[in-house]
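Here are my notes on this model, as numbered points. Have the structure open while you read.

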Amino acid sequence: LESGEVGRAFKYFREAIRWNPSFYPAHYNLGIFYYGQEKFDKAIFHFLEALKVHPQGSELHCNLAASYEAIHRRDKAKSHYELALKYNPELIPALLNYGGILFEEGEKKKAELCFKKVLGLEPDNNLAKQYLKSVCS
């Protein structure tokens, strides 16, 4: 979307929430918007609101986890990556990010499993290859 379109979309999502405070698509998209603007507290708020409507949304949990990770709340990030993977065990961004946290926490075997799973799904995933190389060295 171009700049003017983003502004209009933002306005419509905010208006939609005024009419229906539990409108999932508006909260989810506002969360994405705020994450992109690095306004992580606002992104978290909207992702949490969206979770009230769609608690099993794997991508939603993954985006919420990434938002928590951005503000150094690794505990919450880790738990939401786990939920994302519970609902979709093949969600590549969750596997990569969760594996990264596990690696940083010294859980190399668990991290290795995450990265190998990514490569099983996407054999040319360079990020998984780099992570796996780090884990095995």
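**Notes on charged pairs and the core**

1. Start with Glu49, whose side chain makes a polar contact with that of Lys52, at 2.8 Å. A polar contact here is a pair of N or O atoms within 3.5 Å; within protein, one must be able to donate a hydrogen and the other to accept it, and residues adjacent in sequence count only if both atoms are side-chain atoms.

2. Before going further, some ground rules: this is a predicted model, where local features need pLDDT of at least 70 and side-chain atom pairs count only at pLDDT 80 or more, while totals for chains, interfaces and linings use all residues. Residues are numbered from 1 along each chain as its sequence is written, and side-chain values use heavy atoms, with hydrogens and water left out.

3. The Lys52 and Glu49 side chains also meet in a salt bridge (2.8 Å, N to O), meaning a side-chain nitrogen of Lys or Arg within 4 Å of a carboxyl oxygen of Asp or Glu. Both residues sit in helix H3, three residues apart, about one turn of the helix. Helices (H or I, at least four residues) are DSSP runs, numbered from the N terminus.

4. The cut-offs are under 20% for buried, over 50% for exposed and partly exposed in between (1.4 Å probe, protein chains only). Leaving aside neighbours within four places in sequence, Glu49 is in contact (heavy atoms within 4.5 Å) with Pro21 and His27.

5. Now look at Glu112 in helix H7. Its side chain forms a salt bridge with Lys109 (3.9 Å, N to O) and another with Lys116 (2.8 Å, N to O). Lys109 is three residues from Glu112 in H7; Lys116 is four residues from Glu112, about one helical turn. Glu112 is buried at 14% relative accessibility, Lys109 is exposed at 65%, and Lys116 is partly exposed at 45%.

6. The salt-bridge count comes to eight. Lys78, Glu105, Glu107 and Lys110 are linked in a salt-bridge network.

7. Last, the inside. The largest nonpolar core has 36 residues, with Tyr81 and Ala94 making the most contacts inside it. Such a core is a set of buried Ala, Val, Leu, Ile, Met, Phe, Trp, Tyr and Cys residues joined through side-chain atoms within 4.5 Å. Its largest share, seven residues, comes from H6. Not counting residues up to four places away in sequence, Ala94 touches Cys62, Tyr81, Ala84, Leu85 and Gly99.

Terms used:
Helices (H or I, at least four residues) and strands (E, at least two) are DSSP runs, numbered from the N terminus.
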